Amino acid sequence: SEEETAQVIAVLKDMIFYCQQHEETDPLKVEGIPIPRRQRLYRDQRVIDIVVDILRTPFITPTQQRKKRPGSVGHGETPTESRVKPWSLDEICKTPHLFLVFKLCNRLLNASFKGNWHIELYLARDIDTFINEVGYDMLTEGMLTNLLDNNARLLDDAVSPETIETFIRLLQTHGKN
């Protein structure tokens, strides 16, 4: 419902502000100083997993088992037991409150890994999910760019050559912005 979505939006905004020192009041623009202790809390309490699960929602079909990390929300559910109705990316883009949720999720991930190699590596496992959202103006491009920019170690250790080729092709197609 829209009321539940409004609550999710409020929580996501608070979480974006919580993990960094800042003066900004707009969660979509904030670029503060990371607070590593709080970033680790998001990883350790599996907040990052929940956010990635939200971003993965458009790619779930009724016949697919949700691909999740052990311990993430709903782990072990069958598709019919899942309480999440999958949406297409087009539906999300046409629904303002859902579109804002996806933008905030990407901003939260960006704030969660900024300056934190361990969380960057943790998120690298989900790059394929993020790449599928490029071109929908959900702030995914900026988050991916920040994750991969000047990060040879991450590229060497956690990202497949196929993913790098896909990312380069997307940059060529959609531009660097």
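This is a predicted model: local features need pLDDT of at least 70, side-chain atom pairs count only at pLDDT 80 or more; totals for chains, interfaces and linings use all residues.

Mentor: Residues are numbered from 1 along each chain as its sequence is written, and side-chain values use heavy atoms, with hydrogens and water left out.

Trainee: Why are helix 5 and helix 6 called oblique to each other?
Mentor: The axes of helix 5 (residues 96-113) and helix 6 (residues 117-124) cross at roughly 140 degrees and come within 8 Å. Angles under 35 degrees count as roughly parallel, over 145 as roughly antiparallel, 65 to 115 as roughly perpendicular and the rest as oblique. The pair is therefore oblique. Axes here are lines fitted to C-alpha atoms, for helices over the stretch in contact, with angles from 0 to 180 degrees between N-to-C directions. The helices themselves are DSSP runs (H or I, at least four residues), numbered from the N terminus.

Trainee: Which residues make the contact of helix 5 with helix 6?
Mentor: Helix 5 brings Leu109, Ser112 and Phe113, while helix 6 brings Ile119, Glu120 and Leu123. Contact means heavy atoms within 4.5 Å. By class, there are four nonpolar residues, one polar and one charged.

Trainee: What makes a set of residues a nonpolar core?
Mentor: Its members are buried Ala, Val, Leu, Ile, Met, Phe, Trp, Tyr and Cys residues joined through side-chain atoms within 4.5 Å. The largest one here has 43 residues, and Leu108, Leu109 and Leu123 are among those touching the most other members. Helix 5 gives the largest share of this core, ten residues. Leaving aside residues up to four places away in sequence, Leu108 touches Leu12, Met15, Ile16, Tyr42, Val47 and Val51.

Trainee: How do you know whether Thr140 is buried or exposed?
Mentor: Buried means under 20% relative accessible area, exposed over 50%, and partly exposed in between (1.4 Å probe, protein chains only). Thr140, in helix 8, has 0%, so Thr140 is buried.

Trainee: Why does Leu139 count as partly exposed?
Mentor: Leu139 has 27% relative accessibility, so it counts as partly exposed. Leu139 lies in the loop between helix 7 and helix 8.

Trainee: What is the phi of Leu139?
Mentor: It is positive, about 70 degrees, although Leu139 is not a glycine. Most residues other than glycine have a negative phi. Arg46 also has a positive phi, near 65 degrees, and lies in the loop between helix 2 and helix 3.

Conventions
Helices (H or I, at least four residues) and strands (E, at least two) are DSSP runs, numbered from the N terminus. Ala, Val, Leu, Ile, Met, Phe, Trp, Tyr, Cys and Pro count as nonpolar, Asp, Glu, Lys and Arg as charged, and the others, Gly among them, as polar.
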